[in-house]
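Please read them with the structure open.

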Amino acid sequence: MANNAVDTLNSLLRGELSATETYQQALTKLEGTQGYDELKRIHREHREAANTLRQEVHKVGGKPDQGSGAWGAFAKAVEGTAKAFGMDAALKALKEGEEHGVKEYEDALRDGFPPESRTLIESKLLPQTREHIPTLDRLMAGLVKRVPAREAYQRVLSGQAMLICAYDSQEKFEQNRLEGAISLRDFESQVNSIPKDREIIFYCG
């Protein structure tokens, strides 16, 4: 069980290290924007979680990993979206990363963990990661002008606006596809050719 615990804790550690790098990247791109202080707090909490997990790996007799983990895709999304479309799209990428982190913690709890490590995840690390999601939702709500569905559809139908599915995952795009919409991936490939005055409407399921 000790080896399994070390492997699982190191997997979680890699995720927190990558989350820390991703938020650092977002903070560099978004300095001075609304919500910056909240993002700094979440960045600090991921950094502290990584330090806590390092200590936990030592406690169960392992050696902490140095490399980062599965947030790499979200880091790339943050870099691209923050540069091209601003804070709202970057926040969406960060939220998907946090949702991925929650799943990683939930999966880890199904493994055979020493009681102390299990308590750490259940009482601190998992609740903290879950809390980041509504925080990012609140930040997005403050940035985005809400458009009624009927009005959005009319604007897209008339050619006044582009309709973009906000999910970075192609699978989620297929699941939530609306008439006239394109995927975030397709939007990214076209962004340099889109007129500056073209209205952009993002949606998610």
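How many of the residues of S1 are buried? The first point takes this up.

1. Strand S1. The model is predicted. In S1, 5 of its 5 residues are buried, and the strand is mostly covered. Ala161, Leu163 and Cys165 point one way from S1. Met162 and Ile164 point the other way. Both groups are buried.

2. The sheet. S1 belongs to an open sheet of 3 strands, in the order S2-S1-S3. The pairing is parallel. S2 (181-182) and S3 (199-203) are the edge strands, and each pairs on one side only. Strands of a sheet pair through backbone hydrogen bonds, either parallel or antiparallel.

3. S1 (residues 161-165) and S3 are joined by 5 bridges. Ala161 stands opposite Glu199 in S3. Met162 faces Ile200 of S3 in the sense that it stands opposite that residue. On the S2 side, S1 pairs over 2 bridges, again in the parallel sense. There, Leu163 stands opposite Ala181.

4. Overall make-up. The protein has 8 helices and 3 strands. Along the sequence, the pattern is α-α-α-α-α-α-β-α-β-α-β. Of the 205 residues, 44% are buried. Take the contacts with a separation of 6 or more: 72% of them link residues 24 or more positions apart. The accessible surface comes to about 11000 Å². Carbon and sulfur atoms account for 48% of that surface.

5. The largest nonpolar core. This core has 21 residues. Leu53, Tyr105, Ile121 and Leu125 have the most contacts inside it. Helices H1 (2-30), H2 (36-59), H4 (87-108) and H5 each supply at least two of its residues. H1 gives the most, with 6 residues. A second, separate core has 13 residues, including Tyr23, Ala90, Leu94 and Met140.

6. Leu53. Which residues does Leu53 touch, not counting those up to four places away in sequence? They are Leu9, Leu12, Leu13, Glu16, Tyr105 and Leu125. Tyr105 and Leu125 are also listed with Leu53 among the residues with the most contacts inside the largest core.

7. Helix H2 and what follows. H2 has 24 residues. From its first C-alpha to its last, H2 reaches 35 Å, close to the 34 Å expected at 1.5 Å a residue. Just after H2, Gly61 takes a positive phi of about 85°.

8. Glu56. Glu56 sits in helix H2. Setting aside residues up to four places away in sequence, Glu56 touches Leu9, Glu116, Ser117 and Leu120. The side chains of Glu56 and Ser117 are joined by a polar contact of 2.9 Å. Glu56 is also 43 residues from Leu13 in sequence, yet the two are 9.7 Å apart in space, C-alpha to C-alpha.

9. Thr129. This residue lies in helix H5. Thr129 is buried, with a relative accessible area of 3%. A polar atom of the Thr129 side chain lies 2.9 Å from the backbone oxygen of Leu125. Tyr105 is one of the residues with the most contacts inside the largest nonpolar core.

10. Gln128. Why does Gln128 count as buried? Its relative accessibility is 17%, and the cut-off for buried is under 20%. Not counting residues up to four places away in sequence, Gln128 touches Glu45 and Ala49.

Notes: Residues are numbered from 1 along each chain as its sequence is written. This is a predicted model: local features need pLDDT of at least 70, side-chain atom pairs count only at pLDDT 80 or more; totals for chains, interfaces and linings use all residues. Side-chain values use heavy atoms; hydrogens and water are left out. Buried means under 20% relative accessible area, exposed over 50%, partly exposed in between (1.4 Å probe, protein chains only). Contact means heavy atoms within 4.5 Å. A nonpolar core is a set of buried Ala, Val, Leu, Ile, Met, Phe, Trp, Tyr and Cys residues joined through side-chain atoms within 4.5 Å. Helices (H or I, at least four residues) and strands (E, at least two) are DSSP runs, numbered from the N terminus. A polar contact is a pair of N or O atoms within 3.5 Å; within protein, one must be able to donate a hydrogen and the other to accept it, and residues adjacent in sequence count only if both atoms are side-chain atoms. Accessible areas come from the Shrake-Rupley method with a 1.4 Å probe; for residues, only the protein chains shown count as cover. The expected span of a helix is 1.5 Å times one less than its number of residues. Two strands pair if DSSP finds at least two bridges between them.
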